[in-house]
Every structure is written in C-alpha cells, then in structure tokens.
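Have the viewer open and follow along.

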Amino acid sequence: DTDFDDFEDWDSAPPPPGSGPKVKFVAFDKPPIPIIAPKPYYPEIAKEAGIEGTVVIQFFVDTKGNVTETLILKSGPPNTGLDEAALEAVKRSKWKPAQQRDKKVGVWQTIPIKFTLN
C-alpha cells in the first residue's frame, strides 16, 4: 500500500547537475577587506510590518576590489524587500582585494546581512 496523504511533506527533487553557480575556489593568504562595508537600507514595508530577518549573500570580489557577481544563498521573509536591499548593499560595497603571495586574486565570499529593528 502507498499512502499519499502527506505527499506535500516530501522534499523537492535536487536541482539538475550543473544548474548552480560556477563558484571556483581560489586559495588566498590575505582575505578581502571591506573598504566600504555593505550597509543595507531597511525596506520601508518590512520596517512598518515589524519584519526582521537574515539574508545570506555569496559574492565575487575581483582583483580591483569590485563585487561583480552576487547570489542569494538564504532568503529573508518573502515579499518584504529584504533580499533586494541585501543584494544592493553588497553590490555597492568596495573591497581591498584578496592576496595570494603578494598577487591580487578574485575570490568568492559569503556574508550574512541581518535586518533587525531597534
């Protein structure tokens, strides 16, 4: 016998191979250092509704210290604008590039952006 009553609880199928980001590990001696740290604006809709959350962003810092690619690893509450605000903040940030043996290298970094009301 097969019971389909709780089929909504099943996990979704894994994504097809090769469908994720092309993140390549690059070894470094010195990590990138923020010059202009990511500081998000709190979305008005989330502020008015009293919504807090954390958005985890993965991003690539190139050899010039610019953020060139971004990816949301963990979203905040849906339809609150937190994801968009976090992405925009990371894209505006500026970094001192990572170094490997005194040579600047581009690297992937991951950062949590926390939205908390005072």
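Predicted model: local features only at pLDDT ≥ 70, side-chain atom pairs only at ≥ 80, totals over all residues.

D83 itself sits in helix α2.

Now for its charge. Which side chain of opposite charge is nearest to D83? That's K74, but K74 is 8.5 Å away. A salt bridge calls for a side-chain nitrogen of Lys or Arg within 4 Å of a carboxyl oxygen of Asp or Glu, and D83 has none, even though D83 is buried.

Helix α2 spans residues 82–92, and its buried residues are L82, D83, A85, A86, L87, A89 and V90. So what covers them? The cover includes helix α1 (44–49) along with the strands β2 (53–61), β3 (67–74) and β7 (107–115).

Zoom out to the whole chain and you can count two helices and seven strands. Going along the sequence, they come in the order β-α-β-β-α-β-β-β-β.

How far apart in sequence are the contacting residues? Take the contacts with a separation of 6 or more: 76% of them join residues 24 or more positions apart.

As for burial overall, the chain has 118 residues, and 32% of them are buried.

How values were computed: Residues numbered from 1 in each chain as written. Heavy atoms only, no water. Buried < 20%, exposed > 50% of the residue type's maximum accessible area, 1.4 Å probe, protein only. Helix = DSSP H or I, 4+ residues; strand = E, 2+ residues; numbered from the N terminus. Contact = heavy atoms within 4.5 Å. Lys, Arg positive; Asp, Glu negative; His and termini not counted.
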